[in-house]
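Good morning. Please look at the sequence and the model on the screen while I go through two parts of it.

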Protein chains: 2
Amino acid sequence: MTPAEHAELALLVEVAGTPKPGNVDRERDLADLHFEQFLAGAVGARDGLEAAEDGPVGDAFETAVAGMADGSGTNTQFGCLLLLTPLVRAASRGDLSPEGVTEVVEATTVADAEAFYRAFEHAEVAVPDPPEGIDALDARRGAAAIPALRERGLTLEDVMDLSTDHDANAREWLQGFPRVFRAAARIEAGRGPLADRAASAFLTLLAEEFDTLVVTEHGEGVAREVQERALSLQRADADEVREFADDLVERGINPGTTADLTAAAVFVALERGVSVRG
Amino acid sequence: MTPAEHAELALLVEVAGTPKPGNVDRERDLADLHFEQFLAGAVGARDGLEAAEDGPVGDAFETAVAGMADGSGTNTQFGCLLLLTPLVRAASRGDLSPEGVTEVVEATTVADAEAFYRAFEHAEVAVPDPPEGIDALDARRGAAAIPALRERGLTLEDVMDLSTDHDANAREWLQGFPRVFRAAARIEAGRGPLADRAASAFLTLLAEEFDTLVVTEHGEGVAREVQERALSLQRADADEVREFADDLVERGINPGTTADLTAAAVFVALERGVSVRG
């Protein structure tokens, strides 16, 4: 399979993995978000993922997000695609490693940043208020922020650098994707069906650091509570994990950034030869 | 979405639909066949489905089967692809109707038939013994049957015509896909999540005629028993259907042709505007 095919498959395996408390998975829909929408989002993203193999990362990301939104009708996998796009490019260049993906990140341009901002016009994305003094770069402004980007000469790497304090995905971009590669190694070392290993990777990632989407939507206190509960469930049985999942759904808490990291880790594991054949 | 994207999505929605007694679905793996393998088969088939939009149907089918087998490691969706390939072509030509797909079928050539036989070399497919006197055209011979095809000048339509008595998919090819279009209309008229409607279409198709893969693998008596049981379950509750599913799995009975028809019907429904947004 090509990197783009592996990336699309990673999106599908991620959503199939169960239990992934607070998220849609093989066993759970949310009231206004169905499993099929994630399937359609993955199918729709494929063209953008193919573009990431040999075109600019920013344009590829925007194409992937537009296709995802066209397929699913909503934001199903924006954060996953933000991680997958540079990883697909690194894989396609033959160096899917922290160094290889850092080279891709460092090669991003102002044009990539512009495409990233345009991507926000295709889907609704939860974003915290920007730090004081950089309102002009608020991602919610979409393409309207482009003049400010150009004026300051900000590349996509620079833009991600502005978000490392409140977005775990941006931290991955700036630091060589450390959590993704570690989670991929755990998936590679695991046993059993790949979607089960993805779900297990999700729980470990959730216990490892608090989910920044939960911070954005519910505050740091809730995010820490979720993290601690995930930590306490590392050796729990399925019923306890399911109870945790029920609780998160009831409270509308969705650790979406942790799902993004999981999809990216599944991609790396697939590229390294992990098989769906169980 | 393009016809190829809808076709890939139809493969994914089909396998997600639950309960589909005897088949892998969102809630059930078989001992040696996992949900993820169907996800990977669908991703792998995409290139062939794209080729069906504007290339020869036979080559597109072979490419789709090769990609499916490369992705899943087995035969997950051979029959689905046999139905989807001409349907994608008809949709791409702007006439997804019994007449439109019949035009595609009637335009097939000996080269399409050759590619169809080559496709059997990529995956293991359950095929009954050929009728007496046409051993030379046994599909299990793969490319070795090509000289016999050429000698007799058989197109892919002709080859399907030889199988109408024992293969419901071949009957669809020859008769303008009547069961597929009827099931698609039921899916269009249905309500609720699309994968649930796909599962309901599966049960209706199973009750409507006996599954020809079950005949091939277990004989007509078993196939009739399965059909009658499906008929008796048309208004049953979920537990009764689940009991039926358990029984089929225990006995190794897999109504795979009915799943093929379901995937094709989901494709037609998607092309006609049915949405995953539930």
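Which residues in α4(A) meet which residues in α15(A)? From α4(A) they are A:Gly79, A:Cys80, A:Leu83, A:Leu84, A:Leu87, A:Val88 and A:Ala91. From α15(A) they are A:Ala259, A:Asp260, A:Leu261, A:Ala263, A:Ala264, A:Phe267, A:Val268 and A:Glu271. Contact here means heavy atoms within 4.5 Å. The residues of this contact divide into twelve nonpolar, one polar and two charged, with Gly counted as polar, and Asp and Glu as charged.

A note on the source: this is a predicted model, where local features need pLDDT of at least 70 and side-chain atom pairs 80 or more, while totals for chains, interfaces and linings use all residues. Residues are numbered from 1 along each chain, chains are lettered from A, and side-chain values use heavy atoms, without hydrogens and water.

Back to the pair. Helix α4 (residues 78-92) and helix α15 (residues 256-271) of chain A pack at an angle of about 25°, with axes 8 Å apart. That makes α4(A) roughly parallel to α15(A), a term for angles under 35 degrees.

Next, α3(A), residues 57-72. This helix has 16 residues and reaches 22 Å from its first C-alpha to its last, close to the 22 Å expected at 1.5 Å a residue. Twelve of the 16 residues of α3(A) are buried, meaning under 20% relative accessible area with a 1.4 Å probe, protein chains only. Among them are A:Phe61, A:Glu62 and A:Met68. The buried residues of α3(A) pack against α2, α4, α5, α6 and α9 of chain A. Just after α3(A), A:Gly73 takes a positive phi of about 80°.

Key:
Axes are lines fitted to C-alpha atoms, for helices over the stretch in contact, and angles run from 0 to 180 degrees between N-to-C directions. Helices (H or I, at least four residues) and strands (E, at least two) are DSSP runs, numbered from the N terminus. Angles under 35 degrees count as roughly parallel, over 145 as roughly antiparallel, 65 to 115 as roughly perpendicular and the rest as oblique. The expected span of a helix is 1.5 Å times one less than its number of residues. Buried means under 20% relative accessible area, exposed over 50%, partly exposed in between (1.4 Å probe, protein chains only).
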